[in-house]
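Try each task yourself before you read its solution.

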Amino acid sequence: MSGSVLVVVDLQNDFCDASAAARHGSDPQVLADAAGAAAGVVDQARAVGVEVVFVRFLGDVEHQGPSWRRRDRARGKRPKCLTGSRGAEFHGVVPAAGERVFTKYACFDAFLAEGFERYLRERGVVRLVFAGVFTDVCVDSTARTAFQKGFEVSVLTDCTTPLHLPEPVILTFMERVYGARLTTRADPELWAACPSTEEESSRLSLRPAGPVPVTSEWTPG
């Protein structure tokens, strides 16, 4: 399944462990389930020959720009994923020998990580398949740039979860604006494939129509 890579975004303890889950809305289990699925799909990708790349976040104050610092002061936010801390370590997964890890320094978009885009271009990557956290922050930021730079986008809806926005809202937005393929880890032949436009249209037309696949429901308050 050449041409696709699984991009694992910010699957780190400060974003995914029990204390982070306790801050995640009204149901901490949602984050725990998404993080567990994201870790699990790494093994699945390896088994079917899809390359895995990891993106990590380091939020030390010295990496932050002035606007980031002002926001954190105004909201009383502490920096997360400090260099060398347990919080910065990967959660539930370990990159294998030879798998690339790209570091974002106090920014959301993986394309701002040194070497990320160059590596994708050199590898002839066509499609980025996203897992990790959070759908509406770093996953969305990277997917948006990917689309604008000509890459195809897939989002594994059971391997990610939003932090601020209702899940159906951000997933529908990504589908409509970036043409993102929304699927789950259950079907690697779909999420990892890179067919031509004609082949893709034919393939998808044979799949049963249905709602956007989301892993939680949202009811307006």
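**Exercise 1: a bridge across the chain**

Arg 185 and Asp 158 join their side chains in a salt bridge, at 3.7 Å from N to O. Work out where these two partners sit in the chain.

Before the solution, a word on the ground rules. This is a predicted model, where local features need pLDDT of at least 70, side-chain atom pairs count only at pLDDT 80 or more, and totals for chains, interfaces and linings use all residues. Residues are numbered from 1 along each chain as its sequence is written, and side-chain values use heavy atoms, with hydrogens and water left out.

Step 1. A salt bridge here is a side-chain nitrogen of Lys or Arg within 4 Å of a carboxyl oxygen of Asp or Glu.

Step 2. Find Arg 185 in the loop between β6 (181–183) and α8 (188–191), then Asp 158 in strand β5 (residues 152–161). They are 27 residues apart, so the pair links distant parts of the chain. Helices (H or I, at least four residues) and strands (E, at least two) are DSSP runs, numbered from the N terminus.

Step 3. The scale is buried under 20% relative accessible area, exposed over 50% and partly exposed in between, using a 1.4 Å probe and protein chains only.

**Exercise 2: a bridge within a helix**

The structure has eleven salt bridges, and one of them joins the side chains of Asp 43 and Arg 46. Explain how far apart along the helix these two are.

Step 1. The N to O distance is 3.2 Å.

Step 2. Both residues belong to helix α3, and because they are three residues apart, about one helical turn separates them.

Step 3. Asp 43 is partly exposed, at 48% relative accessibility, and so is Arg 46, at 31%.

**Exercise 3: neighbours in sequence**

Are Arg 71 and Asp 72 buried or partly exposed?

Step 1. Their side chains meet in a salt bridge, 2.8 Å from N to O.

Step 2. Arg 71 has 27% relative accessibility, so it counts as partly exposed.

Step 3. Asp 72 comes out at 7%, so it counts as buried.

**Exercise 4: strand β1**

Find out how many residues of strand β1 (residues 4–9) are buried, and what pairs with this strand.

Step 1. Six of the six are buried, so β1 is largely enclosed by the rest of the structure.

Step 2. Look at both faces: Ser 4, Leu 6 and Val 8 are buried on one side, and Val 5, Val 7 and Val 9 are buried on the other.

Step 3. β1 runs parallel to strand β4 (residues 127–133) over six bridges, with Val 8 opposite Ala 131. β1 also pairs in the parallel sense with strand β2 (residues 51–58), over five bridges, and Val 7 stands opposite Val 53 there. Pairing requires at least two DSSP bridges between the strands.

**Exercise 5: the core**

Which residues have the most contacts inside the largest nonpolar core?

Step 1. A nonpolar core is a set of buried Ala, Val, Leu, Ile, Met, Phe, Trp, Tyr and Cys residues joined through side-chain atoms within 4.5 Å.

Step 2. The largest one has 62 residues, and Leu 6, Val 7, Phe 116 and Leu 128 have the most contacts inside it. Helix α3 (residues 28–47) gives the most to this core, with eight residues.

Step 3. Beyond four places in sequence, Leu 128 is in contact (heavy atoms within 4.5 Å) with residues including Val 5, Val 7 and Phe 111.
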